[in-house]
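Here's a quick look around this protein, starting with a pocket and moving on to a helix pair and the overall build. Have the structure open as you read.

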Amino acid sequence: MKAAEAKKRLVDESVRLIGEHGLGGLSFREMSRRAGVSHQTPYHHFNNREGILAAIAHEGFSRLDERLVDARTRYRRKRPPEILRHLLRAYMTFAIDNPVHYGVMFRPELVNMRRYPETGAAAMLTFQRLVDTLAGCHPRAAIDDKRLIEVANALWAAVHGVATLWLDGPLAATLRGVSIASFIDTTAEMFSQAGATTKRIAQKRSDRFSDARTTSSRTT
């Protein structure tokens with residue numbers, strides 16, 4: 001068996017183990033047995049538990065990026081707010097379809113991105129897809145405008161919240177009679193409209209000037 005194939009099998013079996021038994025069920029010995037490799041093989045690819053989790057996270061970000069690129073490509077002829085809506089929908093759908101990957105990707109206590117720069121770069125690329133798509137709704141804003149970045153983070157927090165609340169269970173108790181697919185469509189529409197029409201990005205006054213005026217008004 002080639003090294004790349006062995007590594008892929010180990011990652012696949014690790015995902016299955018976590019899906020079946022949670023993070024506590026992740027065992028190098030058991031993943032090796034399921035992958036059909038020797039007990040020492042995992043140590044040739046991953047230094048420790050964090051290493052295998054970083055590989056799962058990296059695979060997750062790569063898959064997420066494929067979904068986001070596909071949404072941007074498929075709906076590229078639509079108006080920018082529509083492209084944004086489909087991108088946000090793709091994000092939430094990915095999370096629901098890949099709960100084990102998603103449960104590892106945003107857990108700094110499990111994977112320190114500083115020790116795994118390739119995984120960190122993959123994560124930042126997915127965020128940049130969101131920034132670029134939002135920028136299409138605000139053509140006058142610079143791509144590095146801090147208000148644009150702020151709104152992009154707000155949208156990310158919103159879709160992440162939907163995905164996490166569903167995966168962790170609370171939404172299942174309150175969304176009685178409503179499918180998660182329908183709820184994702186509803187939230188993607190609401191979030192994209194908010195992101196595309198917010199006036200915060202259009203504000204011309206700098207935060208520094210705003211802070212100065214606020215301070216002045218308090219002292220007069």
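In this predicted model, the largest pocket has a volume of about 390 Å³. It is lined by 22 residues, and those closest to its centre are Phe61, Phe106, Ala123, Phe127 and Trp156. Who supplies the lining? Two or more residues come from each of H4, helix H5 (80-97), helix H6 (99-105), helix H7 (117-135) and helix H8 (146-168). H7 is the top contributor, giving six residues.

H1 covers residues 3-21 and H4 covers residues 49-74; their axes lie 10 Å apart, and the packing angle is about 95°. Angles of 65 to 115 degrees count as roughly perpendicular, so that's the label for H1 and H4. On the H1 side, the residues in contact are Lys8, Leu10, Val11, Asp12, Ser14, Val15 and Ile18, and they meet Ile52, Leu53, Ala55, Ile56 and Glu59 of H4.

Zooming out, the protein has eleven helices and zero strands. Its C-alpha trace spans about 70 × 45 × 35 Å along the principal axes. Of its 220 residues, 40% count as buried. Take the contacts between residues at least 6 apart in sequence: 70% of them join residues at least 24 apart.

Terms used:
Residues numbered from 1 in each chain as written. Predicted model: local features only at pLDDT ≥ 70, side-chain atom pairs only at ≥ 80, totals over all residues. Heavy atoms only, no water. Axes fitted to C-alpha atoms, helices over the stretch in contact; angles between N-to-C directions. Helix = DSSP H or I, 4+ residues; strand = E, 2+ residues; numbered from the N terminus. Parallel < 35°, antiparallel > 145°, perpendicular 65-115°, else oblique. Contact = heavy atoms within 4.5 Å. 1 Å grid on protein atoms, 1.4 Å probe; cavity = no way out; pocket = protein on both sides within 12 Å on 5 of 7 lines; lining within 4 Å. Points joined across faces, edges and corners; volume = space filled by probe spheres on them. Buried < 20%, exposed > 50% of the residue type's maximum accessible area, 1.4 Å probe, protein only.
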